[in-house]
Amino acid sequence: MYLQLGQDTVIRTENILGIFDLDNTTVQKGTRDYLNSAEKKKETKYVSFDLPKSFVVTEKNGKREVYLTHLATNTLFKRK
């Protein structure tokens, strides 16, 4: 199956490692460090120009990608 993250971005659900709410998870230093590291490694993809509410971590063939989306986690879980 596929999950539509907004705009023209669609990912395979089997590649999803986690869906996270930005407001709740970025309180922890480890999450902020992970997102900063992903940005430096060019693993981050912005789905829209709006303020992101959540991020989705995927892995395919050993390559991780972090998608920042304006959609809330509840909306993403309903689409799944």
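## The largest pocket and its strands

At least two residues of the lining of the largest pocket come from each of β2 (9-12), β5 (54-60) and β6 (63-69); strands are DSSP runs (E, at least two residues) numbered from the N terminus. This is a predicted model, where local features need pLDDT of at least 70 and side-chain atom pairs count only at pLDDT 80 or more, while totals for chains, interfaces and linings use all residues. Residues are numbered from 1 along each chain as its sequence is written, and side-chain values use heavy atoms, leaving out hydrogens and water.

The lining divides into three nonpolar, two polar and five charged residues, with Arg12, Lys60 and Tyr67 among them.

| Strands | Bridges | Direction |
|---|---|---|
| β3 (residues 16-21) and β5 | five | antiparallel |
| β5 and β6 | seven | antiparallel |

Phe20 has Phe55 of β5 as its bridge partner, and Lys60 has Lys63 of β6. Two residues sit between the strands in the hairpin of β5 and β6, where Asn61 takes a positive phi near 55°. Five of the seven residues of β5 are buried, meaning under 20% relative accessible area with a 1.4 Å probe, protein chains only.

Now for Thr44, in strand β4 (residues 44-46). Is Thr44 buried or exposed? Thr44 is buried, with a relative accessible area of 18%. A polar atom of the Thr44 side chain lies 3.3 Å from the backbone nitrogen of Glu39.

Key
Helices (H or I, at least four residues) and strands (E, at least two) are DSSP runs, numbered from the N terminus. Buried means under 20% relative accessible area, exposed over 50%, partly exposed in between (1.4 Å probe, protein chains only). A polar contact is a pair of N or O atoms within 3.5 Å; within protein, one must be able to donate a hydrogen and the other to accept it, and residues adjacent in sequence count only if both atoms are side-chain atoms. On a 1 Å grid over the protein atoms alone, a cavity is a set of points where a 1.4 Å probe fits but cannot get out, and a pocket is an open set with protein on both sides within 12 Å along at least five of seven lines; lining residues have an atom within 4 Å of a point. Ala, Val, Leu, Ile, Met, Phe, Trp, Tyr, Cys and Pro count as nonpolar, Asp, Glu, Lys and Arg as charged, and the others, Gly among them, as polar. Two strands pair if DSSP finds at least two bridges between them.
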